[in-house]
Amino acid sequence: MTLRATRRAVLLGLGASALAACTRLEAPGPAETAERPSEGGVGGTGIVGTLVDSKRFSVNGLNLTADETLTLRDAFGPVTRDRLALGQVLTVEATSEESGQLRAQALSVVHPLIGRIEAVGRGKISVLGTEVTVERGAPRKTAEGRNFRPKVGQRVAVSGLWRGPDVVASRLDLLAEDAAEPSVIAGVVKAGPAPDRPTLGGLKLVVPPGLVTPPLGTFVTAHGERLGRDFLVASLREGRFQGAAGPLQRLSVEGYLDRVPRAPGFVVADLGHSFDPEAKLQGFAQERALYVGPYVGTFAVALGLALPESFSRRRRLVEAIKDGFDPTGAVSTR
């Protein structure tokens, strides 16, 4: 059956009672079952989502607390907490306190692309061979906080989510002209033209001797250099979550779906963890959505909520929910 629920219940419904009451999404067509890569055990609550509230530390409608000593990290290492900004996509590992509050134990800004702009179009740019759609209303900032207009040759950090082979950007940051800094691609390793040549983003992943090529389906953050259609890796790190909050129990993830041959036929495009085979997700095949549910070795998604394809509209939605306004919507669930 289908459960009718408020958007607030979906955004905040990570409790056991909410998950137990869920029903499944409509079934996709038959899917081929394939062997999964190992996905590990990490995090207490794993959260992947866009920062849309400038006043509160909140991701996916979940209020978070953090100790002053908690370090914020990006692709290049620790950065100060004042670097948190609207439109960034965050990965958070959190534990639950007795009060029910979630406390962040690890916090990182994930940029799917860091590199030079190779082409500029109407509402689009190209970075590292990847088309980037810049959302209307998405911040575009210099290091001093001024707005900027994208131009070919500028070095930028792209915040956003993978949608198939492309990225939907919720923020662009103009970076210093430092030729010594490597480019970065953060995403899921996919099959390439040959078994020993997987792809990352739109480029073939070239891993030098001494580094192990990560398995297909693994989320990696790779530093390196583009050379034609190749990405020459200098270093890489595997995994979205690093185990800072203990064994993973549940997930709250914003993203788009990619089709895969194994059941249930979909994965979140840049998560690096699979849905359980019984999940039924075809109703979200074309949409940005928020997914919540337990983690049991795979993502046992319980609730799904389609999100607006507009940064400013998503921001208003989350702020309205926090102000006590509960817009009712049709929610497909377990």
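This is a predicted model: local features need pLDDT of at least 70, side-chain atom pairs count only at pLDDT 80 or more; totals for chains, interfaces and linings use all residues.

Visitor: Which residues touch the most other members of the largest nonpolar core?
Guide: The largest nonpolar core holds 26 residues, and several strands, including strand E9 (113-121) and strand E13 (155-163), each supply at least two residues of this core. Within this core, the residues that touch the most other members are Leu113, Val127, Val132, Val158 and Ile185.

Visitor: How many residues make up the other core that lies apart from it?
Guide: This other core lies apart from the largest one, and among its members are Val48, Val168, Leu281 and Tyr295. Its number of residues is 23.

Visitor: Is strand E2 mostly covered or mostly uncovered?
Guide: Strand E2 spans residues 45-50. Thr45, Ile47 and Gly49 point one way from E2, while Gly46, Val48 and Thr50 point the other way, and all of these are buried. With 6 of its 6 residues buried, strand E2 is mostly covered.

Visitor: In E7, which residue is the bridge partner of Ile47?
Guide: E2 pairs with strand E7 (residues 89-96) in the antiparallel sense, over 6 bridges. In E7, the bridge partner of Ile47 is Val92.

Visitor: And in E21, which residue is the bridge partner of Ile47?
Guide: E2 also pairs with strand E21 (residues 250-255), here in the parallel sense and over 4 bridges. In E21, the bridge partner of Ile47 is Ser252.

Key
Residues are numbered from 1 along each chain as its sequence is written. Side-chain values use heavy atoms; hydrogens and water are left out. A nonpolar core is a set of buried Ala, Val, Leu, Ile, Met, Phe, Trp, Tyr and Cys residues joined through side-chain atoms within 4.5 Å. Buried means under 20% relative accessible area, exposed over 50%, partly exposed in between (1.4 Å probe, protein chains only). Two strands pair if DSSP finds at least two bridges between them.
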